[in-house]
Amino acid sequence: LDTMAGIALEFGGTVDKFMGDGMMVFFGDPLTQGRQADALACVRMALAMQDQLLVMRARWQTGGIFSDIHMRIGINTGDCAVGNFGSAQRMDYTAIGSVVNIASRLGGRATQDSVLISTDTFDEVGDLITCQARSTIKLKGIRRAVHAYTVVGDGLLQSVAVDV
């Protein structure tokens with residue numbers, strides 16, 4: 001988690017919280033580079049995290065440590081409430097709202113070692129990041145179906161429709 005948090009900070013993300021072996025990161029507050037630049041930084045952060053996990057697994061294996069650690073990442077772009085939320089006894093600086101919920105649900109639906117982004121994120125980064133379109137998916141607790149894309153890599157768009 002320390003390594004992944006370092007990557008998040010390097011790309012300008014705000015590490016919100018750690019949840020078991022996962023973490024929540026958001027972009028755009030307290031500093032923003034603009035909606036598109038924040039979305040692009042977030043996707044590039046996710047790709048850097050994937051690359052670093054491969055390096056870490058190889059290092060652990062060389063050291064004789066078996067590790068089957070994998071990751072799934074969900075990214076959504078939009079407006080949400082950011083600030084101090086909680087009670088008089090406990091307060092957290094966090095992001096809340098449907099945008100956050102969709103990102104979390106996308107992470108849950110991503111395949112092992114993949115990054116799944118929403119159409120809202122794709123609209124911001126699709127010209128700069130290679131993605132594969134997925135079928136519209138239904139996410140738990142979200143009323144509307146969400147069209148999602150799997151991030152393939154950092155490069156020119158080569159969008160391919162895939163029915164999953």
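The radius of gyration used here is taken over C-alpha atoms, and the globule rule is 2.2 Å times the number of residues to the power 0.38.

**Figure 1. The whole protein at a glance.** This is a predicted model, in which local features need pLDDT of at least 70, side-chain atom pairs count only at pLDDT 80 or more, and totals for chains, interfaces and linings use all residues. Residues are numbered from 1 along each chain as its sequence is written, and side-chain values use heavy atoms, with hydrogens and water left out. With 164 residues, a compact globule would have a radius of gyration near 15 Å, and the 16 Å of this protein agrees with that. Along its principal axes, the C-alpha trace spans about 50 × 40 × 30 Å. You can find 4 helices and 9 strands here; helices (H or I, at least four residues) and strands (E, at least two) are DSSP runs, numbered from the N terminus.

Figure 2. Of the 164 residues, 40% count as buried. Buried means under 20% relative accessible area, exposed over 50%, and partly exposed in between (1.4 Å probe, protein chains only). The accessible surface comes to about 9,500 Å², and 52% of that belongs to carbon and sulfur atoms. These areas come from the Shrake-Rupley method with a 1.4 Å probe, and for residues only the protein chains shown count as cover. Now for contacts, meaning heavy atoms within 4.5 Å: among those between residues at least 6 apart in sequence, 60% join residues at least 24 apart.

**Figure 3. Helix H2 from end to end.** Helix H2 covers residues 35–62, which is 28 residues. From its first C-alpha to its last it reaches 41 Å, close to the 40 Å expected at 1.5 Å a residue; the expected span is 1.5 Å times one less than the number of residues. Just after H2 sits Gly-64, with a positive phi of about 80°.

**Figure 4. The largest nonpolar core.** A nonpolar core is a set of buried Ala, Val, Leu, Ile, Met, Phe, Trp, Tyr and Cys residues joined through side-chain atoms within 4.5 Å. The largest one has 27 residues, and Val-43, Ile-75, Ile-117 and Val-151 have the most contacts inside it. Elements that give two or more residues to this core are helix H1 (2–10), H2, strand E3 (72–75), strand E6 (114–118), helix H4 (119–125), strand E7 (129–137) and strand E8 (146–154). H2 gives the most, with 11 residues. Zoom in on Val-43: leaving out residues up to four places away in sequence, Val-43 touches Ile-75, Ile-117, Thr-121, Val-125, Ile-129 and Val-151. There is also a second, separate core of 9 residues, which includes Ala-110, Ile-137, Ile-142 and Ala-148.

**Figure 5. Two aromatic pairs.** The structure holds 2 aromatic pairs. Rings of Phe, Tyr and Trp (its six-membered ring) pair if their centres lie within 6.5 Å; planes under 30 degrees apart count as stacked, over 60 as edge-to-face and the rest as tilted. Phe-26 and Tyr-93 have ring centres 6.1 Å apart and planes at 50°, so this pair is tilted. Since Phe-26 lies in strand E2 (residues 22–26) and Tyr-93 in strand E5 (residues 91–96), the pair ties together parts that are 67 residues apart in sequence. Phe-26 is buried, at 8% relative accessible area, while Tyr-93 is partly exposed, at 34%. The rings of Phe-122 and Tyr-149 have centres 3.8 Å apart and planes at 5°, so that pair is stacked. Phe-122 in helix H4 and Tyr-149 in strand E8 are 27 residues apart, and both are buried.

**Figure 6. Ser-118 and its neighbours.** Ser-118 belongs to strand E6 and counts as buried, at 2% relative accessibility. Skipping residues up to four places away in sequence, Ser-118 touches Ile-75, Asn-76, Thr-77, Leu-106, Val-146, His-147 and Tyr-149.

Figure 7. Most residues other than glycine have a negative phi, and most peptide bonds are trans. Asp-113 is not a glycine, yet has a positive phi of about 60°. Asp-113 is in the loop between helix H3 (98–109) and E6, where Asp-113 is partly exposed at 28% relative accessibility. Between Asp-29 and Pro-30 there is a cis peptide bond, with omega about 10°; Pro-30 is in the loop between E2 and H2.
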